[in-house]
Amino acid sequence: MAHTDVAIIGGGPAGSTTGSFLRKYGNDLSVLILERDAFPRDHVGESQLPAISRILDEIGCWDKVEAANFPIKVGATYKWGRTEELWDFDFYPLDLFHNEPRPGRYEGQRKSLAFQVDRAIYDKILLDHARELGCEVRETTRVVRILRQGDRVEGLELDTGEVIQARFYVDGSGHAGILRRAMNVSVEHPTNLQNIAIWEYWRNAEWAEEIGVGATRVQVISVRNGWIWFIPLGPDRTSVGLIVPAAYYKAVGKRPAELYEQALQEDARLAGLMRNAMPEGNLQTTKDWSFLAGRHSGENWFLEGESSGFADPILAAGLTITHASAREAAFTILEMDRGADPAWLRAAYDRRQSTRITNHIRFADYWYSANAQFTELQDHTAQIARDNGLNLDPARAWAWLAQGGFIDEELGAGAAGFALPLLKDLGSYLGEVREDNPVYTKNIFRLDLENADVEVRPLYENGKVSRCESYVREERRLPVRFPYDFWLHELRSAPDIDVLKQKLKAYLLRFADPKERSARYLALMPALEAMIVDGWVQASYEEDKPCFAEQFRYAMIHPHSVV
Ligand SMILES: Cc1cc2nc3c(=O)[nH]c(=O)nc-3n(C[C@H](O)[C@H](O)[C@H](O)COP(=O)(O)OP(=O)(O)OC[C@H]3O[C@@H](n4cnc5c(N)ncnc54)[C@H](O)[C@@H]3O)c2cc1C
C-alpha cells in the first residue's frame, strides 16, 4: 500500500493543473497523479478562452504552451440563428492588435488572447509540467475502485491491485467521474441540453482567417439542424465537429458519418475551406455531456473539471471552467492543510463551481432554445451578469461571458469593468479618456456606503484562500481590495480634487518601477469609474476646479518629467 498527501485521478488538464498548483505553492506535499492512458492521446475540447492563459502563466507553463506554436485565438466568427450574416467577436480590438514574432511572451495584447490547442500535445505539456514540478505521475494506471467509509474516501484501488492511500483525493477523471459516482453524488441534467457531437480531425483545411502571425478566429457555423465548430489546431490540423439535437439524430435515423458529411456540404464557405482537406479517418461521437453535480466536495475529496459538470461546447468554456476549478481545488486543499476551517472552504468551493457551471448552462440553454439574434443573446447575458452582481450593458455582458470573466465574477465591481482580473488586463483600453467618463468630467467625488451590508467572500490568491470583505447593496458588490480599497480609503474624507491628486501621486510613487505605476494607475481609474456607475461614489462637477486629465496620467507614470 502506497501513501501520498494528495492522490489525483486523471492526468487531463484538471488533474495536471491541480498537481502543478499543489507543488508550486505547497512544496512539502507529495502529489500522485494516476492516469489511465499513455500520453499523448487525442481529446476533444480545443478552443480556449483568455482566462486560461492567466492560469497557465501562474503555474509557469504559458511559455511551454506558446512554444508549441498553437494558433492564437483572437475571437470567434459566428453564423447563427435566422440570418446568413457573419458576426465577429474579438477578445481584443483588432485595430489595436499588432503583429508580434512568435514565440511571444505573456504580456501586452497576449494577456487578452487565447489558444486553440491540439489536446494530444497540450495535455502532455501540462502533465509533463506537473511532473517537472515534483508530482509523481503514473500513466497507464487505472483507478478501478474507490474505497470509502461514509463520506470519507479511504483509498484508491488500481488495476494492478495496489491500493493508494492519501489525505486528500481529487477526481479529475473527466466524463468518467469515477469518484463522483462512487460517492453517489447526485447529478442534474438540464432539460434543453441534449445534443450529440460528431467530429473528425482534418489535414490541410484552409484557415478561415489569418490574423498577424499565427492568429485566427474559430468558426461557429449554424446549419439546418445543428451547428459546426471549425477550430484550426496548427498549420495543417483542424478539428471540425457537428452538434445536433439528440432527438433529431434519433428521428432522422442516419449514420453519424452521413449526417456529418451532409452538414459539411451545407455551408458553402466551410465547403470552400475544406476543398483540399483530408480526414484523418477517425470519426468520433459523444453525447450526454450536460450535467451538474449536486455537490463538488466531501470530507476529504473534491470533484473538478468535467467530473463535476459541463454545459456544452458552445462558447468554448469547458476548459476554462476546468482550469479554474482545478486551481481553486488546489488552493482549498493547501488551505485545509494549513488548518483553516474546512466547512467554509468547501462551501466556497462548491458554490463557486456550481455558479460557474450554472452560468454556462443558462447561457447554452438559451442559445439553443431561442436560436436567437445576437442582440437577444446579449440581453440574456446581461441578465446572467446581473444575477451575478454585475451591472453590465448587453454588449459588455456578452464580452464578460465570452471571455471567461464569469470564472471569477465574485470579486469584481461595476458596470465600467469586468471581473477584477479582466479589469486589470483590459485597463489599458477601458481606461482611455472618454467624453462620458465621469472620472474625467467630474471633480467632486463623495463616497456613498449608506445602507450597504458587508459580506465575506473567498479570495484565491498566491496559493491561499483568504476572506475578503465586500460591501453589498442591491446586488452590487464592492470588494475591499485593490484597486477599490484605494478609493474607499481616500474618499472617506471627501477630499478636494487637488488633495486627491496628491494622494494618488504619493500612492503611485511608492512603486519605483514605472511599469508597476502604470499598471496600478490603469487599474485605479476604471475602478473609480466602476464605483461611480454602481453608486458607491457620487460624482459631481464644480466650476473653477480642475478634473483628472490625460496629462495627469502622464505625470503620474513619469513623475519626474515636466508636463
Ligand atoms: C463535444 C465536446 C466539445 C468540447 N469542446 C470544447 C471546446 O471547444 N473548448 C473547451 O474549453 N472545452 C470543450 N469541451 C470540454 C472539454 O473537453 C473539457 O472541459 C475538458 O476536457 C475537461 O478536462 P478534464 O481534465 O476535467 O477531463 P479530461 O480531459 O477528460 O481528462 C480526464 C483524464 O482522466 C483519465 N481517467 C478517466 N478515468 C480514469 C481512471 N479510472 N483512472 C485513471 N485515469 C482516468 C482519462 O484518461 C483522462 O486523461 C468539449 C467537450 C465536449 C464533450
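Predicted model: local features only at pLDDT ≥ 70, side-chain atom pairs only at ≥ 80, totals over all residues.
Hi everyone. Let me start with a pair of strands: β23, residues 464-473, is joined to β24 by four bridges, and the two strands run antiparallel.

Helix α1, residues 13-25, and helix α9, residues 318-337, have axes that come within 8 Å and cross at roughly 35°. The crossing of α1 and α9 is right-handed. If you want to find the contact on your screen, α1 contributes P13, A14, T17, T18, F21, L22 and Y25. On the α9 side, the contact residues include L319, T322, H323, A326, R327 and F331. What sort of residues make up this contact of α1 with α9? They divide into twelve nonpolar, four polar and one charged.

Next, another helix: α7, residues 256-266. Its buried residues are A257, L259, Y260, A263 and L264. They cover an arc of only 160° around the axis, and so they sit on the same side of α7. What do we find on the face of α7 turned away from its buried side? There we have the exposed residues E261 and Q265.

While we are on helices, have a look at T381, which has its place in helix α11, residues 374-387. Is T381 buried or exposed? T381 is buried, because its relative accessible area is 0%, and the cut-off for buried is under 20%. Leaving aside neighbours within four places in sequence, T381 is in contact with F363, P394, A397, W398, W400 and L401.

Back to strands. There is an open sheet of three strands in the order β10-β17-β20, again with antiparallel pairing. β10, residues 187-188, and β20, residues 309-310, stand at the edges with a single partner strand each, so one side of each has no neighbour in the sheet. Strand β17, residues 291-293, is joined to β20 by two bridges, and these strands run antiparallel. Here L292 stands opposite G309 in β20.

Then there is strand β21, residues 444-447, with two faces to tell apart. F445 and L447 form the covered face, while I444 and R446 form the uncovered one. Four bridges join β21 to strand β25, residues 537-540, and the two run antiparallel. The bridge partner of F445 in β25 is A539.

I'll finish with some details of the backbone. A cis peptide bond joins R102 and P103, with omega about 0°. P103 has its place in the loop between β4 (86-90) and β5 (114-115). The peptide bond from F482 to P483 is cis as well, with omega near 5°, and P483 is in the loop between β24 and α15 (484-490).

Finally, positive phi values. T140 has a positive phi of about 45° although it is not a glycine. T140 is found in the loop between β6 (136-138) and β7 (143-149), and at 51% relative accessibility T140 counts as exposed. D544, a residue other than glycine, has a positive phi near 70°. You will find D544 in the loop between β25 and α18 (550-557), and D544 counts as exposed at 80% relative accessibility.

How values were computed:
Residues numbered from 1 in each chain as written. Heavy atoms only, no water. Axes fitted to C-alpha atoms, helices over the stretch in contact; angles between N-to-C directions. Left-handed = near helix turned anticlockwise from the far one by under 90°. Contact = heavy atoms within 4.5 Å. Nonpolar A, V, L, I, M, F, W, Y, C, P; charged D, E, K, R; others polar. Buried < 20%, exposed > 50% of the residue type's maximum accessible area, 1.4 Å probe, protein only. Arc of directions from axis to C-beta. Pairing = 2+ DSSP bridges.
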